[in-house]
Amino acid sequence: MSLLLLLFSAHLLLFSTPAASDPRTTVAALICGAVSPSNSASFIQTFIPEMQSLSDSVSLRGFATSSTPSIAGNTTAAIMYGLSQCHSDLSPTDCMLCFAECRTRLLRCLPADSARIFLDGCFLRYGFSNFFNQSVDPVNDHAACGTGDSTVGGTYTENVRLMMGNLTDLAVANGGFATIERFNGADVYGLGQCWKSVNTTGCRECLVKAAKEATRCLPNNEGRGLNAGCYLRYDNYKFFGNSGGGKGLF
């Protein structure tokens, strides 16, 4: 089967169009690996069941890891690792819609041997090394800034900086997820989410770094820290669901 046909088949298998309440499918970052495997057809044949395995688990608990042996025909033995997680305030339905959008958009990276995508409601990554416990990545961790400046100047900036420390502590204490609404009575909102494969120490390390990255966006009214083991965002409006700052729906 040609590589073109395999890519088309993968698209048909993985495509889904979000249409529910708010699965938060805005793309915050898409990062494609720079290396392509020598056997692209075999790579695609491994990629498809890997994505399906993740989908089956995400639908049950909002988080999944998977490892799929490479298809026979590769000259070296390899395992494809995959991880996906929805933010804990998403409903199960919105989680599946977000994941479907993740894997559809991730096809743009194929046949890169690694890739990760951050949507504002979920995350998906694959590669041929075991990254499940990775909390930070000096190469690919970065900030994604909004385009609008805050209308409240220094007060907003000060509140965001103060809120970040509280958000990190709350998320670590809550098992890796927290939201903050109207910090100090102002229009300052935050969400922090660690991946469930990262331990408590790694979660804190990741969120502390993400907070530093996101606050570089100030005085922009919106900023995100997008790291190997977590996602952190601040904004001047409520962009998350009614999770009550706790562990969410899953």
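Helix α2 is followed by G62, whose phi is positive, near 75°. The model is predicted, so local features need pLDDT of at least 70 and side-chain atom pairs count only at pLDDT 80 or more, while totals for chains, interfaces and linings use all residues. Residues are numbered from 1 along each chain as its sequence is written, and side-chain values use heavy atoms, with hydrogens and water left out. Helices (H or I, at least four residues) and strands (E, at least two) are DSSP runs, numbered from the N terminus.

**Sheet**

- Five strands form an open sheet in the order β1-β4-β5-β3-β2, with antiparallel pairing; two strands pair if DSSP finds at least two bridges between them.
- β1 (27-32) and β2 (63-69) stand at the edges with a single partner strand each, so one side of each has no neighbour in the sheet.
- Neighbouring strands are turned against each other by 5° on average, direction ignored.
- Seven antiparallel bridges join β2 to β3 (residues 79-86), and S67 has Y81 in β3 as its bridge partner.

**Helices**

- Helix α2 (residues 40-61) lies across β2, β3 and β5 (122-127) and runs at about 155° to β2; axes are lines fitted to C-alpha atoms, for helices over the stretch in contact, and angles run from 0 to 180 degrees between N-to-C directions.
- The 22 residues of α2 should span 32 Å at 1.5 Å a residue, which agrees with the 32 Å between its end C-alpha atoms; the expected span is 1.5 Å times one less than the number of residues.
- The buried residues of α2 include F43, I44, F47, I48, M51, L54 and V58; buried means under 20% relative accessible area, exposed over 50%, and partly exposed in between (1.4 Å probe, protein chains only).
- Of the 15 residues of α3, 11 are buried, among them L97, F99 and L106.

**Nonpolar cores**

- The largest nonpolar core has 26 residues, and those with the most contacts inside it are F47, L106, L110, L124 and Y126; such a core is a set of buried Ala, Val, Leu, Ile, Met, Phe, Trp, Tyr and Cys residues joined through side-chain atoms within 4.5 Å.
- Two or more residues each come from α2, β3, α3, β4 (115-119) and β5, and α2 gives the most, with seven.
- L106 touches L30, F47, A115, R116, I117, L124 and Y126, not counting residues up to four places away in sequence; contact means heavy atoms within 4.5 Å.
- A second, separate core of 23 residues includes Y156, M163, C194 and A210.
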